[in-house]
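Me: I am new to this structure and would like to learn how to read its features one at a time. Could you show me the model and then take me through it?

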Amino acid sequence: MLVVLGMALLGAILGALTARKRNGNAADMAQYAAGFGIAFALAGLIISMVLVRLVV
């Protein structure tokens, strides 16, 4: 679960930074942060499931 939350947080930060780099306003940064956060959380979920399968 920690992997998923960590990846979601990382995605949100990267999304906000990407929107800021593209000269977006606050709404753009929020939308990018949400989109990247969801995508990274999904990737983290897959990574977490693979790790659980390898350990057990």
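Reply: Let us begin with a spacing along a helix: Tyr32 and Phe36 are 4 residues apart in helix α2 (residues 26-55), so about one helical turn separates them. Here helices (H or I, at least four residues) and strands (E, at least two) are DSSP runs, numbered from the N terminus. This is a predicted model, in which local features need pLDDT of at least 70 and side-chain atom pairs count only at pLDDT 80 or more, while totals for chains, interfaces and linings use all residues. Residues are numbered from 1 along each chain as its sequence is written, and side-chain values use heavy atoms, with hydrogens and water left out.

Me: Why does a spacing of three or four places matter when one reads a helix?

Reply: An α-helix has 3.6 residues a turn, so residues three or four places apart point the same way. In this structure, Phe36 and Phe40 are also 4 residues apart in helix α2, and about one helical turn lies between them.

Me: How many aromatic pairs does a search of the whole structure find?

Reply: The general idea is that rings of Phe, Tyr and Trp (its six-membered ring) pair if their centres lie within 6.5 Å, and that planes under 30 degrees apart count as stacked, over 60 as edge-to-face and the rest as tilted. The search of the whole structure finds 2 aromatic pairs. Tyr32 and Phe36 form a tilted pair, with 6.0 Å from centre to centre and 35 degrees between the planes. Being 4 residues apart in helix α2, Tyr32 and Phe36 are separated by about one helical turn. The rings of Phe36 and Phe40 have centres 6.4 Å apart and planes at 15 degrees, so this pair is stacked. Tyr32, Phe36 and Phe40 form one aromatic cluster.

Me: Is Phe40 buried, exposed or partly exposed?

Reply: Buried means under 20% relative accessible area, exposed over 50%, and partly exposed in between (1.4 Å probe, protein chains only). Phe40 has a relative accessibility of 24% and therefore counts as partly exposed. Tyr32, with a relative accessible area of 28%, is partly exposed, and Phe36 is partly exposed at 29%.

Me: Which residues of α2 are buried?

Reply: The buried residues of α2 are Ala33, Gly37, Ala41, Gly44 and Ser48, and what covers them includes α1 (2-21). Take Ser48 as a case: its relative accessible area is 15%, so Ser48 is buried. Contact means heavy atoms within 4.5 Å, and, leaving aside its neighbours within four places in sequence, Ser48 is in contact with Met1 and Val4.

Me: How does one judge the span of α2?

Reply: The expected span of a helix is 1.5 Å times one less than its number of residues. With 30 residues, α2 reaches 42 Å from its first C-alpha to its last, close to the 44 Å expected at 1.5 Å a residue.

Me: Which residues make the nonpolar surface patch?

Reply: Like charges are joined within 9 Å, and nonpolar side chains (Val, Leu, Ile, Met, Phe, Trp, Tyr) within 5 Å. Accessible areas come from the Shrake-Rupley method with a 1.4 Å probe, and for residues only the protein chains shown count as cover. Here a nonpolar patch of about 1200 Å² is made by Val3, Leu42, Leu45, Ile46, Ile47, Met49, Val50, Leu51, Val52, Leu54, Val55 and Val56, and its largest share, 10 residues, comes from α2. Ile46 is partly exposed at 49%, and its C-alpha atom is separated by 8.7 Å from that of Val4, 42 residues apart along the chain.

Me: Where is Asn23 found?

Reply: Asn23 is found in the loop between α1 and α2, and it has a positive phi of about 60 degrees although it is not a glycine. With a relative accessible area of 71%, Asn23 is exposed.

Conventions. Patches are made of residues with over 30% relative accessible area and no salt bridge: like charges are joined within 9 Å, nonpolar side chains (Val, Leu, Ile, Met, Phe, Trp, Tyr) within 5 Å. A salt bridge is a side-chain nitrogen of Lys or Arg within 4 Å of a carboxyl oxygen of Asp or Glu.
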